[in-house]
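This report looks at one helix and the aromatic rings around it. Please have the model open as you read.

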Amino acid sequence: MVRLGAMLFLLLGLATGPVAAAEPGDAIRAVITAQLRAFQADDAETAFSFAAPVIKWQFRDPDTFMAMVRHGYPAVYRPRSVAFGALKQVGAEWAQDVHFIGPDGTGAIGRYIMQRQDDGNWQIAGVYMRPVPELGA
């Protein structure tokens, strides 16, 4: 009986898409994780696909975008470790903190600015990095 109740709860939860979508944390974390995997695979096209229009306009093509990340954000490009922190709503956007240990052992927190697009998908509109030495090894 408990199993049936749990299944009904799960099915009802899936059927209420807009209610479940009110808290975008899982979707936001999935986008960031997918982009980090694309960086690890040196897949510029896929990594660029997660960028919001303002970022695509600024960098114009996947290779230029990947070069910027590779040279300017080594902790994001090749992290030793990644952990998700706080998620906060800021107006129409959301800010997801991500804790990184970079390839050199230096700690940093990236604040990902996330925007929901007209099609409902989340994209990354910017990342603001700040060093946090106590996170490092």
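## Basis

Helices (H or I, at least four residues) and strands (E, at least two) are DSSP runs, numbered from the N terminus. This is a predicted model: local features need pLDDT of at least 70, side-chain atom pairs count only at pLDDT 80 or more, and totals for chains, interfaces and linings use all residues. Residues are numbered from 1 along each chain as its sequence is written, and side-chain values use heavy atoms, without hydrogens and water.

## Gln-35

Gln-35 is found in helix H3. Gln-35 counts as buried because its relative accessibility is 4%. Buried means under 20% relative accessible area, exposed over 50%, partly exposed in between (1.4 Å probe, protein chains only). Beyond neighbours within four places in sequence, Gln-35 is in contact (heavy atoms within 4.5 Å) with Ala-47, Phe-50, Phe-65, Tyr-112 and Ile-124.

## Helix H6

Helix H6 spans residues 62-72, and its buried residues are Pro-62, Phe-65, Met-66 and Val-69. They sit on the same side of H6, because they cover an arc of only 95° around the axis. The arc is taken from the directions from the helix axis to the C-beta atoms. Asp-63 and His-71 are exposed on the other side. The buried residues of H6 pack against helices H3 (25-40), H4 (44-49), H5 (53-59) and H7 (74-77).

## Aromatic pairs

The structure holds 3 aromatic pairs. Rings of Phe, Tyr and Trp (its six-membered ring) pair if their centres lie within 6.5 Å; planes under 30 degrees apart count as stacked, over 60 as edge-to-face and the rest as tilted. Phe-48 and Phe-65 have ring centres 5.4 Å apart and planes at 50°, so this pair is tilted. Phe-59 and Phe-65 form an edge-to-face pair, at 6.0 Å centre to centre and 65° between the planes. Ring pairs link Phe-39, Phe-48, Phe-59 and Phe-65 into a cluster.
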